[in-house]
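Student: Could you show me how to read the packing of helices and the pockets in a protein model?
Tutor: Let us look at one structure together.

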Amino acid sequence: MTLSPELTFNDGNTIPQLGYGVWQVEDDVAEKVVVQAFEAGFRHIDTAKIYGNEAGVGRAIERSGLKPEDIFITTKLWNADQGYESTLAAFEASMERLGLETLDLYLIHWQQPKQDKYVDTWKALIELQKRGRVKSIGVSNFTTEGLHRIIDETGVVPAINQIELHPFFNQAELREFNASKGILTQAWSPLGQGGELLEHPAIAEIAAKHNATPAQVVIAWHLAIGNVVIPKSVTESRIRENYAALDVTLDEADIQAINGLDRTAEGTGRIGADPSVSDFA
Ligand code: NAD
């Protein structure tokens, strides 16, 4: 079985470039599908407190029999828990549900600029890393402004920024900024949540050329441009199909063609909330 490439964080730790995400997966279903993902070859799982399935992910880890050093687990701090002390407490509650001693990666889920607690929250993540409770710390849905601020105020650069990123919204500018700071870029909703992107004729053409599926072509594009990528599916055949994207190698013309699908200039690329203004409870 092909193993995912590993990318190296600015703190020296590594992350499998291809992982498996479990947003909108019920807790009991998460247990089943994460076991299937491990069987397919995935070793990197992306969950969050707000997904309500950390316990299911924890049971899957236990059932898999895989050793902690052979897997990579990410969870995220929810917005309502932002703030220094509340972050420390929320982290322990997540670890309890996951059944883990040490976490691989802890992320601030959203910047929440109006709430404006993210600098204190980031300080708590730095403390958790110092205590050895979490190996690497990062952020999700952070803008250049938020990144500048946490770096300037603490001197600690996040390992990764997990952001909405797919061929219709390819985040060229933020990817470049992340890279300039030594921050890896991780793509959420990497398949554009299925639908139109996977039916696009340009993707179909590249898929036919490589004897691959549209989802595999999109995942291969993420891998080729250096993203950490976490596609989700609850269908076992698709979980396997998505993992097998590791065996699809695009050429430069394919990559350029997929880069050309970006709709940022038209303002129609984004699916989810805009982190510079979003304010979730
Ligand atoms: P995605 O882009 O991974 O799309 C998932 C959907 O695509 C599936 O539900 C299915 O309908 C379809 N699909 C998957 N594999 C397919 C295949 N092989 N063929 C055809 N269709 C297929 O969407 P997502 O779940 O939104 O994002 C992936 C992960 O990113 C999430 O599970 C979560 O872990 C993470 N995420 C994070 C944030 C954040 O704020 N940090 C937000 C959204 C998602």
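**Helix packing and pockets**

Tutor: Helices α8 and α10 are roughly perpendicular to each other, a class that covers angles of 65 to 115 degrees, while angles under 35 count as roughly parallel, over 145 as roughly antiparallel and the rest as oblique. This is a predicted model, in which local features need pLDDT of at least 70 and side-chain atom pairs count only at pLDDT 80 or more, whereas totals for chains, interfaces and linings use all residues. Residues are numbered from 1 along each chain as its sequence is written, and side-chain values use heavy atoms, with hydrogens and water left out.

Student: At roughly what angle do the axes of α8 and α10 cross?

Tutor: An axis is a line fitted to C-alpha atoms, for helices over the stretch in contact, and angles run from 0 to 180 degrees between N-to-C directions. Here the axes of α8 and α10 (residues 252-259) cross at roughly 100° and come within 10 Å. Helices are DSSP runs (H or I, at least four residues), as are strands (E, at least two), numbered from the N terminus.

Student: Which residues of α8 and α10 meet?

Tutor: Contact means heavy atoms within 4.5 Å, and by that rule Val-217, Trp-221 and Ala-224 of α8 meet Ile-255, Ile-258 and Asn-259 of α10. By class, five of the residues in this contact are nonpolar, one is polar and none is charged, where Ala, Val, Leu, Ile, Met, Phe, Trp, Tyr, Cys and Pro count as nonpolar, Asp, Glu, Lys and Arg as charged, and the others, Gly among them, as polar.

Student: At about what angle do α7 and α10 pack?

Tutor: Helix α7 (residues 201-210) packs with α10 at about 160°, their axes being 10 Å apart, and α7 and α10 are therefore roughly antiparallel to each other.

Student: What volume does the largest pocket have?

Tutor: Rolling a probe the size of a water molecule over the atoms shows where empty space is left. On a 1 Å grid over the protein atoms alone, a pocket is an open set of points where a 1.4 Å probe fits, with protein on both sides within 12 Å along at least five of seven lines, and lining residues have an atom within 4 Å of a point. The largest pocket holds about 840 Å³ of space, and among its 37 lining residues Trp-23, Gln-24, Ser-189, Gln-193 and Lys-232 are the closest to its centre. A volume is the space filled by probe spheres set on the points, which are joined across faces, edges and corners.
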